[in-house]
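Subject: Structure handover

Hello,

Here is the structure you asked for. Please open it alongside this email, and my notes follow below.

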Amino acid sequence: MMSKPMNVLTTKPSPLSTMVVLLIICILSFYALHFPHSSSPSSASRNMETVFLSTSSNSTISTYLRALTLHPHLAGTKPASDTTSYVLNHFLSLGLEAHTASYATLLSFPVRSSLSARFGDGSAASLPLSEAASAAPVVAAYHAYSPSGSVHARAVFANYGRERDYQALAAMGVSVRGCVVVVRKGGGVGRGAAVEVAEKHGAAAVLVYGESDTWREGFERGHVMRGIGDPLTPGWGGVEGGERLGLEDSEVLKRFPKIPSMPLSAEVADTILSSLGGVSVPLEWRSTLKSKVRHVGPGPTMLNFTYQGEMKVATIQNVFAVIKGSEEPDRHVLLGNHRDAWTYGAVDPSSGTAALLDIARRFSVLLGLGWKPRRTIILCSWDAEEFGMIGSTEWVEQNLINLGSKAVAYLNVDCAVQGPGFFVGSTPQLDNLILEVMKKVKDPDSEGVSLYENWAAGGGGNNIQRLSGVDSDFAPFVQHAGVPSIDMYYGRDFPVYHTAFDSYNWMAEYGDPFFHRHVAVTGVWGLLALHLADDCILPFNYLSYANELQLYKNMLSNLVDQQISLHPLTTSIQEFASAAKEADDELKKLRLQETEGCSVDMKKRALNDRLMLAEKGFLDADGLQGRQWFKHLVFGPSNDHERLNFFPGVSDSITTSNGFSERERVARIQHEIWRVARAIRRAASALTGEFT
Ligand SMILES: [Zn+2]
């Protein structure tokens, strides 16, 4: 099952650091017991930060990870429900209030598959469709929600499977109609989009392989459903006994591809691609190719490919731990991670689950010392993320009103650690808070510097990303509910992604041998939560949002022609910037008065509400055209993510208006610009809180 030798974790907290932690806890317990009201809340919460950071333990996190990854835990299976109990019992054993929320949702599983090739020289071979090492209990490699089908056709190579790749093929006189298209993963297209574009060009089937120098025998499982959430309950929470569309409903059918697809290992892809004839691979593709492909085909290699899968309604379970707020229990800070995995899932997502369990442990230490968060904190463990963010999406849909009016922020961690380098993404009002928190956390890879220092020097992302992607559980929170959000992780593009090799041993040997990166993620995650839950005035800064919008407008001006007016954007951004400035001035003034303590104060509460709700202004009831579930007009999925990863509606109007008359083209783009401008105005007026 495991192909690599065990690497035993040897690091434990040193005796000295254990003593320091115990000393701090002693001092603070004494302090909490004897002087419960003697200091301002802000200094008390600073003390809690110190305790939180000092109670980290790499060996404890590795123990959690070990337990979570003993068995593969694919959503809808028995081992997955064992992880539900494990997480629930962990929360309960810490004395936290915990519960589960179940949904009956449509999942998809493989039944059987086969692939054989007949080469130009007449020889034939049967090709593997799963890792040799992955006999049960790991699920066979497949694409969830792929239709069943059998195809006997010539193979053709289509690079990343982007629209422009098919245009390049067409320019060389190559048609993929009726062929089995082989594409490599990457180039800014997701797995589902690659299948969708191939289908549009008349392909009979699609095989997708991951390019990698190592672990070339791994198969990347994944789903190919369009949109997110349970396909049978689009837009509403799929509770048991509730309304459910039929499998033949057109709303449901449009979510699934019509041609079968399957993942390939880099090794198997090489066998097929190196045997192709026909035109040479374009130079532009060749420069980044790792496989031995020289010609694109089609043929002479013929592939015989069969996939049979089944869809069934299965129960999934989200698990929650709730720490009630003392002063403002009706304001919520949410920390979330998914629990289900394609295989053992040590990186994806159990590194994040282990981090969440450790945060729970450390929060319970703080509670024992008398800490009472000002606002309510909810730890969320989602199910069925790998099938299209189903657990989180159903919950967001079911709780939309409460989330919209009471959620301060959502902090997501999926794969906590994939390797070196820290990456973080957020909605822009949280940028400053992220940077401040990163300065307080030790860098796990460089001695004596903060995580911030290493990151700013290029150790990782080096800039804060935006949450337009639909690839983890932040998507429903930002793009459907308009909740300010953060997503973070260590490392990226790890070679065993979604394969049978994503195991504890891989993590212990390659991903994070000493579990210090896990400790760093829990440090940032926990401190963000402490600030958002405890700061009297929410640590939001909308000036960075205004700057970001201005930047987007400037980038857009380079992409549209003279006939399109960006004036509506200019004036709405000005309005937004002055609202942001006003809110910031008020925030600074109220902060000066904080010395007298932090009791419930209507002025602060009113400002906090405006800071919390402004993000909702960017939502639009009609949503994105053709993807109406996505309501956010600044961040969300667009057809051409590479070019514009903001203003998705504007982006789509530019890329899809080619077939229209000039007048109509201009009108369509202009309309989308007006919609964004109105959204920005709504956010500005939510921030000032004034009626017109
Ligand atoms: Zn994941």
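Are H338 and D348 buried or exposed? Both are buried. Buried means under 20% relative accessible area, exposed over 50%, and partly exposed in between, with a 1.4 Å probe and protein chains only.

First, the ground rules. This is a predicted model, in which local features need pLDDT of at least 70, side-chain atom pairs count only at pLDDT 80 or more, and totals for chains, interfaces and linings use all residues. Residues are numbered from 1 along each chain as its sequence is written, and side-chain values use heavy atoms, with hydrogens and water left out.

**Confidence**

pLDDT is the predictor's confidence in each residue, from 0 to 100. The protein chain has a mean pLDDT of 91. In that chain, 92% of residues reach 70 or more. Two stretches need care. Over residues 1-16, pLDDT stays under 50. The model has 34 contacts for residues 1-16 beyond four places in sequence. Contact means heavy atoms within 4.5 Å. Residues 30-40 also stay under 50 in pLDDT, and the model gives them six contacts beyond four places in sequence. Where pLDDT is low, the predicted coordinates should not be read in detail.

**The zinc site**

The zinc ion has these protein donors: H338 (NE2), D348 (OD), D414 (OD) and D414 (OD). They lie 2.0 to 2.6 Å from the zinc ion. Donors are N, O and S atoms within 2.8 Å of the metal (3.2 Å for Na, K and Ca); water is not among the atoms, so sites may look incomplete. The donor residues are spaced H-x9-D-x65-D in sequence. H338 sits in strand β10 (residues 328-338) and D348 in helix α10 (residues 346-368), ten residues apart. Helices (H or I, at least four residues) and strands (E, at least two) are DSSP runs, numbered from the N terminus.

The arrangement is irregular because the four donor atoms around the zinc ion subtend angles of 53 to 145°. Four donors count as tetrahedral if all angles lie between 85 and 135 degrees. Four count as square planar, and six as octahedral, if opposite donors are over 155 degrees apart and all others between 65 and 115; anything else is irregular.

**Helix packing**

Axes are lines fitted to C-alpha atoms, for helices over the stretch in contact, and angles run from 0 to 180 degrees between N-to-C directions. Angles under 35 degrees count as roughly parallel, over 145 as roughly antiparallel, 65 to 115 as roughly perpendicular and the rest as oblique.

- Helix α21 (residues 648-655) packs on helix α22 (residues 662-688) at about 175°, with axes 8 Å apart. The two are therefore roughly antiparallel. G649, V650, S653 and I654 of α21 make the contact with R668, I669, E672, I673 and V676 of α22.
- Helix α3 (residues 58-68) and helix α4 (residues 78-93) cross at roughly 150°, and their axes come within 10 Å. So α3 and α4 are roughly antiparallel too. Here Y64, A67 and L68 in α3 meet T83, Y86, V87 and H90 in α4.
- Helix α10 packs with helix α16 (residues 504-511) at about 85°, their axes 10 Å apart. That makes α10 and α16 roughly perpendicular. The contact uses A346, V347 and S351 of α10 and Y504, W506 and M507 of α16.

**Loops and backbone**

D383 is in the loop between β11 (375-382) and α11 (390-398). It counts as buried, at 4% relative accessibility. Beyond four places in sequence, D383 contacts residues including A75, N318, R339 and D340.

A384 lies in the loop between β11 and α11. Its phi is near 55°, positive in a residue other than glycine. A384 is buried, at 0% relative accessible area. F515, in the loop between α16 and α17 (516-534), has a phi near 60°, also a positive value. F515 is buried, at 0% relative accessible area.

Two peptide bonds are worth a look. The bond from G299 to P300 is cis, with omega near 0°. The bond joining D348 and P349 is cis, with omega about 5°. P349 is in helix α10. Most residues other than glycine have a negative phi, and most peptide bonds are trans.

Best wishes
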